[in-house]
Amino acid sequence: MVSFDIPKECNVGVVVNEGPDFRIEIQKVPVPESGPEDALVKINTTGLCMSDVHYMSNDWGIALMYYFGTRCAGHEGSGIVVKVGDRVKRLKVGQRAGIKPIAETCGSCEHCMTGKDQYCSGAKLTGFVTDGK
């Protein structure tokens with residue numbers, strides 16, 4: 001069985017000074033604890049798209065990232081599963097994993113029904129509205 005040493009802290013790019021003068025600093029933060037229905041993924045890479053720039057710049061008129069408990073931009077990550085909870089059945093330690101930018105949609109609005117679910121007003125965005133659960 002594959003296993004990984006999981007550190008207590010990891011280096012991440014933290015958004016500082018949200019707004020027009022934001023910057024990203026590399027900081028050490030605690031590795032999140034995972035529960036029985038969680039998988040912990042060591043992120044090797046993530047994309048930063050224009051929605052991330054808008055979130056960091058806070059020019060869309062929505063709440064600041066920290067309001068959602070989010071400190072890092074990038075919601076399209078990929079990496080390796082390093083730990084799974086007792087109730088996780090489909091993922092295994094050592095398996096490659098990707099993090100979807102949209103965790104969930106309503107499934108019944110016009111956008112969802114026509115293959116344009118990225119425009120669903122009920123979408124739950126990974127890292128902002130949900131942590132992927």
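Mentor: We take the overall layout, then the strands, then single residues.

Trainee: What kind of model is this, and which pLDDT limits apply?

Mentor: The model is predicted: local features need pLDDT of at least 70, side-chain atom pairs count only at pLDDT 80 or more, and totals for chains, interfaces and linings use all residues. Residues are numbered from 1 along each chain as its sequence is written, and side-chain values use heavy atoms, with hydrogens and water left out.

Trainee: How many helices and strands are there?

Mentor: The protein has two helices and seven strands. Both are DSSP runs, numbered from the N terminus: helices are H or I with at least four residues, strands are E with at least two. Along the sequence the pattern reads β-β-β-α-β-β-β-α-β.

Trainee: What box do the C-alpha atoms fill?

Mentor: Roughly 45 × 40 × 20 Å, taken along the principal axes. The protein exposes about 9200 Å², and carbon and sulfur atoms supply 52% of that area. Accessible areas come from the Shrake-Rupley method with a 1.4 Å probe; for residues, only the protein chains shown count as cover.

Trainee: What share of the residues is buried?

Mentor: Of the 133 residues, 26% are buried. Buried means under 20% relative accessible area, exposed means over 50%, and partly exposed lies in between.

Trainee: What share of the contacts is between residues 24 or more positions apart?

Mentor: Among contacts with a separation of 6 or more, such residues account for 54%. A contact is a pair of heavy atoms within 4.5 Å.

Trainee: Now the strands. What makes strand 1 and strand 2 a pair?

Mentor: Two strands pair if DSSP finds at least two bridges between them. Strand 1 and strand 2 have eight, in the antiparallel sense. One example is Val-14, whose bridge partner in strand 2 is Glu-25.

Trainee: What holds paired strands together in general?

Mentor: Backbone hydrogen bonds, in either a parallel or an antiparallel arrangement.

Trainee: Which strands form the open sheet, and in what order?

Mentor: Three strands form it, in the order 3-4-5, with antiparallel pairing. Strand 3 (39–46) and strand 5 (96–98) are the edge strands, because each pairs on one side only. On average, neighbouring strands of this sheet are turned by 40 degrees against each other, direction ignored. The axes behind that angle are lines fitted to C-alpha atoms, for helices over the stretch in contact; angles run from 0 to 180 degrees between N-to-C directions.

Trainee: How do you know that strand 4 pairs with strand 3 and with strand 5?

Mentor: Count the bridges. Strand 3 and strand 4 have seven, and strand 4 (residues 77–84) and strand 5 have three. Val-41 has Val-81 in strand 4 as its bridge partner. On the other pairing, Ser-78 stands opposite Gly-98 in strand 5, and Gly-79 has Ala-97 as its bridge partner there.

Trainee: Why is the pair of Tyr-55 and Trp-60 called edge-to-face?

Mentor: The structure holds one aromatic pair. Rings of Phe, Tyr and Trp (its six-membered ring) pair if their centres lie within 6.5 Å; planes under 30 degrees apart count as stacked, over 60 as edge-to-face and the rest as tilted. The centres of Tyr-55 and Trp-60 are 5.4 Å apart and their planes stand at 85 degrees, so the pair is edge-to-face.

Trainee: Are the two residues buried or partly exposed?

Mentor: Tyr-55 has 10% relative accessibility, so it counts as buried. Trp-60 has 44%, so it is partly exposed.

Trainee: Why is Ser-51 called buried?

Mentor: Its relative accessible area is 17%, so Ser-51 is buried. Ser-51 lies in helix 1. Not counting residues up to four places away in sequence, Ser-51 touches Trp-60 and His-75.

Trainee: Which residues of helix 1 are buried, and what covers them?

Mentor: Ser-51, Asp-52, Tyr-55, Met-56 and Ser-57 are buried. Their cover includes strand 1, strand 2 and strand 7 (124–125).

Trainee: What makes Asn-58 stand out?

Mentor: Asn-58 has a positive phi, near 55 degrees, in a residue other than glycine.

Conventions
Buried < 20%, exposed > 50% of the residue type's maximum accessible area, 1.4 Å probe, protein only.
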